[in-house]
Amino acid sequence: MGPFWSQMKSSDSSLYLWLILLVFFPIETQPLKILLTPRRSSHSVKVGEHVTLICTTGPSVKATYKWQNDLAIGTGKEPSMITGNATLKIWKTKLHHTGVYSCTETRKGEEILQQTRSVLLTIVDMCHEATITIQPTLTRIYSEGTDLTLYCECPSNSNEKTITWIKNGAKVTPHNRQSITSDSKKLMLKNVKFADSGKYACNVTVDRMVTATSKELELWVGNKPEITDYPPEVTQFKLWTQYIFLTCIAEGVPYPRVKWYYNGGPDESQIPVPNDGTNFTVFDNGTMAIREFRSYHVAVYKCVAINILGSTKRIIHIQTPIKIEVQRKVSAAEGKSFNWRCTVEGLPKPNVYWADAKRNEIREGTRFITRFAEELRIQNVRMGDSGRYYCVAYRNETRESKWTELRMDVYENDSLTIKSSPENITHVFTGIMVTLRCEFDSKAPFTTWWGIKGLEGLPDYYRMRDYGSWLEIDDVGESDNNVYYCRASNGFKTVTAYTHLSVYKSTEWKPRNITVYVGDSVWFHCDARRVPRFPFKVAWFKRGQGSKMLDKKRFRVIANGSIHITDIRLNDEGKYFCITNKNFKQTFGTRYLLVRGKP
């Protein structure tokens, strides 16, 4: 103990303080020993470690040692630094202990010798780069109203750390929705808004010397776009429609932009709709207008709403309506073949198939042939084939279909014959009403209609009334002088009967004595007044002929009661008179026909 106490007396008074620290704060780890050399060396030490700097390996009691550093060693301003005999002890190094340390050894003898040794001591902290994290950590995009907490960490043995929060390059200032904990490690954001979006970072300063900065954490607050108003998935327009509008109204925070695309590329790729103001116009609210709807506008369009938080899309199929043209009610004859044509129009072009009464698709078979989709051929028709059928047009991509119900009736045969019809020539006078009749016979139902040869339909629907099996013409005029026809069709055949309506002025044919020549023709008019809606019958006789009827080939009585005598002969000379039935008033009178030979 004696040498130890004698050495203590000769050392600097600061050694007492070192002993007190050793007693009350025992060293947890062995200090790092560093030997100084005449040529400066460099050493790195972690913050908080204990370091012993040794001036020489062979200290002498006859030598003195002087330590130098910017920290004023031995002045008491740095209590953690304790000098001993040729040593300098640094207790729990800190960042500010970094520097050049030198020791000057002075030996006294016959002559004074001095030698200086030095070392560059670098104190290294573990806090090289700060890190910033966020809770919840599922994403960097958050909906408005969420509560967020940002954490700043930088491992270090030092207790002297200062944390500063930065947003978009500026220091964060707490407010009613934004607070920072007392140790500054947490930045808490309550009920976040779009204004809270930005780039966050934190700066950590250790021992008031070194500052570590975290990487920026980009945070977005808002709502992903939502399209609130848009057309149906399948939207149809007729071609050449002027100015069709497709709405695409979107909401979101921040306010989203709307873009339109259509599949017009060679590989059906999406092409942006050109906002050229000619064919297409896209307004600021997202609505798209097509100026004049044509076939090349038929496509699949996509409306996309975009903001920084994401995007939402809607697909719209722009088409033309499906149109089916087919004879809905048909007749077929047993044992024969029947072709049914169903013409389908629309863009995109629909697919077609045929279905039976139970709506089951008709498959190709021996009698039912569907080789061509729009045509159904039934061979060797049977009575059991009568019933309902369907022509179905559909589009797979939009699951759209249109069903048209059809009806087929099967009959034993397809014959259609004329049962009765007007004569080839019908003679009438002006001012009266004439009725033309015809009848047909058919096993299958048939329709009958009247017309005028060379014209479409009847020219005067007020005076000419088509009742199917007969035609009534009121107040006959000279313009009604035409060839009329009645036509019938039963779905298999069509037959036509013709008659020539010859119209004459009634004033020219009142009864009177007439002189004619052999071979001429003459008219006699029966001066009778018709009672409406009663049959009109007239009989002509020649005086002296008794009840013998006149030759119908040369003596033709027309509907109004007049008689037309053709190819007159000498024996036709005589008195003629007409008799009507009881429903008419008759002015009875005879007229004399005088016949002369040809001059």
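**Note on the disulfides and one buried serine**

1. Ser-184 is buried, because its relative accessible area is 18% and the cut-off for buried is under 20%. Keep in mind that this is a predicted model.

2. Where does Ser-184 sit in the chain? It is in a loop. Strand 14 (178–180) comes on one side of that loop and strand 15 (186–189) on the other. Which residues does Ser-184 touch, once its neighbours within four places in sequence are set aside? They are Ile-163 and Trp-165.

3. Now the cysteines. How many disulfides does a search of the whole structure find? The search finds five. Three of them are taken up below, starting with Cys-152 and Cys-202.

4. Cys-152 and Cys-202 form a disulfide, with 2.0 Å between their sulfur atoms. Is this disulfide right-handed or left-handed? The torsion about the S-S bond is about 80°, so the disulfide is right-handed. Cys-152 belongs to strand 11 (residues 148–153), and Cys-202 belongs to strand 16 (residues 198–206). The pair therefore ties together parts that are 50 residues apart in sequence.

5. Are these two cysteines buried or exposed? Cys-152 has 2% relative accessibility, so it counts as buried. Cys-202 has 0%, so it counts as buried too.

6. Cys-342 is joined to Cys-391 by a disulfide, S to S 1.9 Å. Here the torsion about the S-S bond is about -85°, so the disulfide is left-handed. Cys-342 lies in strand 30 (residues 338–345) and Cys-391 in strand 34 (residues 387–395). This pair therefore ties together parts that are 49 residues apart in sequence. Both Cys-342 and Cys-391 are buried.

7. Cys-438 and Cys-486 are also joined by a disulfide, S to S 2.4 Å. What counts as a disulfide here is a pair of cysteine sulfur atoms within 2.5 Å, so this pair qualifies. Where do the two ends lie? Cys-438 is in the loop between strand 38 (434–437) and strand 39 (439–442). Cys-486 is in strand 43 (residues 483–489). The pair links distant parts of the chain, 48 residues apart.

8. Last, the burial of that pair. Cys-438 counts as buried because its relative accessibility is 1%. Cys-486 is buried as well, because its relative accessible area is 0%.

How values were computed
Residues numbered from 1 in each chain as written. Predicted model: local features only at pLDDT ≥ 70, side-chain atom pairs only at ≥ 80, totals over all residues. Heavy atoms only, no water. Helix = DSSP H or I, 4+ residues; strand = E, 2+ residues; numbered from the N terminus. Buried < 20%, exposed > 50% of the residue type's maximum accessible area, 1.4 Å probe, protein only. Contact = heavy atoms within 4.5 Å.
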